[in-house]
Amino acid sequence: MERVKTKLRGKDFRKFITDVLLMIAGATLTTIATKYVYDPAGLVTGGVSGLSIIVRSVSARYLGYEIPLWMSNLVLNIPIFLYAMKVSGLHSVLRTGFVWILMTAELAFLPEISFIPENLLLVAIYGSLIMGIGSGLLLVAHATSGGSDMLGESLHHHIRSVSVGRLIQIIDGIIVAAGLVTFGIEHTLYAMISVYIMGKVVDIVIDQGKKAKMATIISDESDMIAKEIMTSLDRGVTGLNGSGMYTGADKRVLLCICSKKELVDVKDIVKRIDPRAFLVVGDVTEALGEGFYQEWG
């Protein structure tokens, strides 16, 4: 029993260290996208980072000096964090708080470098790739960069009729609309392209390692096929009892979850053992457990 507890503690510690590294990488990529891509190009994609870009531009235009990104990121997130702490408690915002402080420091101390091309389409694409990977890594580590994500989750406790995702969309929509007034329609349209690509990239990062293929096999040689798959590929197979509705004959239906690469071998095994077998292949959005992605969430 003590050995099991020690093993679990070791596993939890490794998971914690992995999450910290993911949060550092995610925060840094998000900072790079904000400071070196979106801000110089005037692209507002929502969130506190987008609002900080607007504040910097407006302050330079009407106040005669620029309010730096790090200051806006720090100040604008304070009331959001206090509100989130009141609604959900301190524990729920600790990881996001770490990311917030880290991003604020990076925005303040990373050197000013200008390397953004004039082509706004390239800026939108590469900015979304960097920001999408960074945001995805943060979500994998159960954190966010704060801002609209945290505000949306907190508001949902009081506005139950509207989903968290919709609340975040509304908040980001308001910020993007403010960007339209500040930077014009062309920049806003490119920012919308960036938001779309960013969402796709985040999904890819989050789903990495979770997707799989499902092979459903109906054959008179089901026992032999199952044995070969388990032996050759070291992949589990589940046998289900089925009945042909036309013939009335009982059949053993094999269910095998495998990777895309392993699917090729599964097909070869089925074809070699029983060319008359019936094989159906489907996509699995998430496969969690032994042999696949181990982290549930």
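Because the model is predicted, local features are taken only at pLDDT of at least 70 and side-chain atom pairs only at pLDDT 80 or more, while totals for chains, interfaces and linings use all residues. Numbering starts from 1 along each chain as its sequence is written, and side-chain values rest on heavy atoms, with hydrogens and water left out.

The protein chain has ten helices and four strands, where helices (H or I, at least four residues) and strands (E, at least two) are DSSP runs numbered from the N terminus. Read from the N terminus, the order is α-α-α-α-α-α-α-α-β-α-β-β-α-β. The C-alpha atoms fill a box of roughly 80 × 55 × 40 Å along the principal axes. Some 38% of the 297 residues count as buried (under 20% relative accessible area, with exposed over 50% and partly exposed in between, for a 1.4 Å probe and protein chains only).

Next, the empty spaces. Rolling a probe the size of a water molecule over the atoms shows where empty space is left. On a 1 Å grid over the protein atoms alone, a cavity is a set of points where a 1.4 Å probe fits but cannot get out, whereas a pocket is an open set with protein on both sides within 12 Å along at least five of seven lines; lining residues have an atom within 4 Å of a point. Points are joined across faces, edges and corners, and a volume is the space filled by probe spheres set on them.

The largest pocket comes to about 1100 Å³. Its lining has 40 residues, with Leu139, Ser148, Asp149, Ile168 and Asp172 nearest the centre. Two or more lining residues come from each of α2 (47-62), α3 (69-88), α4 (94-109), α5 (120-140), α6 (148-155), α7 (164-183) and α8 (185-207), and α7 gives the largest share, six residues. By class, the pocket lining splits into 14 nonpolar, 23 polar and three charged (Ala, Val, Leu, Ile, Met, Phe, Trp, Tyr, Cys and Pro are nonpolar, Asp, Glu, Lys and Arg charged, and the others, Gly among them, polar).

The whole structure holds one cavity of 30 Å³ or more, and the volume of the largest cavity is about 40 Å³. Residues lining this cavity include Gly42, Val176, Phe183 and His187. Here too α7 leads, with four residues, and the lining has six nonpolar, four polar and no charged residues.

As for helix packing, the axes of α5 and α8 come within 7 Å and cross at roughly 35° (axes are lines fitted to C-alpha atoms, for helices over the stretch in contact, and angles run from 0 to 180 degrees between N-to-C directions). Their contact has 18 nonpolar, seven polar and one charged residues.

Finally, the loops. Threonine 45, between α1 (2-41) and α2, is buried at 12% relative accessible area. Most residues other than glycine have a negative phi. Histidine 142, however, has a positive phi near 60°; it sits in the loop between α5 and α6 and is partly exposed at 45%. Aspartate 234 also has a positive phi, near 55°, in the loop between α9 (222-232) and β2 (238-243), and is exposed at 67%.
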